[in-house]
Amino acid sequence: MDQSYKKIEKLKSQKLIEKLFSEGNSVVAYPLRLVYLQTSFEDPVQIKTGVSVSKRNFKKAVHRNRIKRLMREAYRLNKSRYFNNSPEQYAFMILYIGKTQTDFETISKKMNTLMAAFLKQQSLPKP
RNA sequence: UGAGAUCCUUGCUUUUGCGAAGAUUUGGAGGAAAGUCCGAACACCAUAGUGCAACAUAAUGGUUAAUGGCCAUCGGUCGUGAGAUCAGGAAAAGUGCAACAGAAAGAAUGUACAGGUCAUGCUGUAGUGAAACCAGGUAAACUCUAUGUGGUGCAAUGUCAUGUAUACCAAUGUUUGCUUGUCCGCCGUUUGUAUUUAACAGAUGGUGGCAGGCGGGAGGGCGGCACGCUCGAUUGUUGGAGGGUAGGCAGCUAAAGUGUGCUGGUAACAGUACGCUCAGAUAAAUGAUAAGGGCCAUGCCAAGGCGUGGUACAGAAUUCGGCUUAUAGAUUUACUUAUUUA
RNA sequence: GGCUCCAUAGUUCAAGGGAUAGAAUAAAAGUUUCCUAAACUUUAGAUUCAGGUUCGAAUCCUGAUGGAGUCA
């Protein structure tokens, strides 16, 4: 079971991020929100993922860092359960839209429901 | 009150290290990394000169790459005291300001009482006020004196690749005067050759062009302003629409570095010997979870065990030296005060 | 990350160093009306915080806190 989260799996390109936010769809499992877009890039990975926390809700850099670390950890541990070898490539951005801090357990649980909701939405026939 | 300090261990995982992958090993946030308040390094831009303005600092000596920081001393203020704190130059260059109260607030003098004189605020006391004649107060009012200051900041800057356009449209402003010429064109008059017309050559006048000179010139530049200098019709200003903005590399971390000892100095600090290498990311790493141990508080049994809770403030972004602010707990030393005891 | 600016009633703005800090609007109470609105009367309400200079500070100075803008 692959639990690594390497550099090429991270969403870094500013152009791709702008395109993601302007054209992508989203799924919500409070306090998490996933913005995704089917796209293509050169690196040999299936999904590029980034995390983000609003400076408006958390003023201190320590608190933002902590939440981002928890989100990355939850993604790393859970991603292999949901994503195997589908041919499409996706860009993900996971946002924390809550206003209070939580512990690792709830974020991990919500990450599972978020991934399930994403897969369900993708399996539906497109209008 | 000052100095000083800022929890530890193990396995799993993540990140970094080489062209890639795997394994092993090694390293990985701070005393404030914060605020961006001072001072520098470094980089780019600007820089003929003069003057003005603006800003900063302000006892004396030292320290440092430098400072408005730090150290020592003198002086003021506060405190019983150990100590703390101070933008701590000039009011005898000039201008201004002083509500209320008070006769009067810098111009001069008035009331009551007492004293004194030939006579008079001439002297004292009272009364108002922060301040009442004293070369008064106020310069964190203008000012003066002394000293200093070009600007912008690593999103600086360079470079690779890609692309390329002092392009386009609209409005508006300006596009001028005199003079010179072995120069050129056009028109007229006249002379010669010729004479049927035409044509050719010369002289002269007008007009236009070109070139040069002198002046004027909207506006631009010299990044606070003025003088001054300079560019100036191949143009100035404003608006519209459009292009560009991605990415890689360098800058980037071994340095005014840091630990211990010794020497000099009251100290800040300096010198020296031996050792150490201690993050370089860029939608931005330094984490999650579990177990155990420290420390603090507390409860139970009853004298070393068990349980519960707590363990701060806070996260590098070019790099240093300071300042300021946030901060749980632990430790050491010196001194002061109060109480108690002797 | 660097740089610049701002802070006065619930809100929008005033206020030459002189303290009773003002105006509009919002709020509350009352008058008027069968009731509401409008109108009128009255009331309460603030200098972001901490120091300093000064006889006296919203104003001057220093530090902190909060907010806004900007960079190619």
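Okay, let's start with one residue: Glu105, which sits in helix 3, residues 104-123. Keep in mind that this is a predicted model. So, is Glu105 buried or exposed? Glu105 is exposed, because it has 10 other C-beta atoms within 10 Å, and the cut-off for exposed is 12 or fewer. Across the chain, 20% of the 127 residues of chain A count as buried.

Now, what does Glu105 have around it from elsewhere in the sequence? Take Ala74: Glu105 and Ala74 are 31 residues apart in sequence, yet 8.9 Å apart in space, C-alpha to C-alpha.

Helix 2 covers residues 61-82, and it packs against helix 3 with the axes 9 Å apart and an angle of about 45 degrees. That angle makes helix 2 oblique to helix 3. The crossing of helix 2 past helix 3 is right-handed. Who makes the contact? On the helix 2 side we have, among them, Leu70, Met71, Ala74 and Leu77; on the helix 3 side, residues including Phe104, Ile107, Met111 and Met115. Sorted by class, this contact of helix 2 with helix 3 has 11 nonpolar residues, three polar and one charged.

Let me zoom out. Chain A has three helices and four strands, and from the N terminus the order is α-β-β-β-α-β-α.

The four strands form an open sheet in the order 1-2-4-3, with mixed pairing. Strand 1 and strand 3, residues 47-53, are at the edges with a single partner strand each, so one side of each has no neighbour in the sheet. From one strand to the next, the twist averages 20 degrees.

Let's go strand by strand. Strand 1, residues 25-29, runs antiparallel to strand 2, residues 32-39, and five bridges join them. The hairpin linking strand 1 to strand 2 goes through two residues.

Helix 3, where we began, lies across strand 1 and strand 2, at about 140 degrees to strand 1.

Conventions
Residues numbered from 1 in each chain as written. Chains lettered and ligands numbered in written order. Predicted model: local features only at pLDDT ≥ 70, side-chain atom pairs only at ≥ 80, totals over all residues. Axes fitted to C-alpha atoms, helices over the stretch in contact; angles between N-to-C directions. Parallel < 35°, antiparallel > 145°, perpendicular 65-115°, else oblique. Left-handed = near helix turned anticlockwise from the far one by under 90°. Contact = placed C-beta atoms within 7 Å. Nonpolar A, V, L, I, M, F, W, Y, C, P; charged D, E, K, R; others polar. Pairing = 2+ DSSP bridges.
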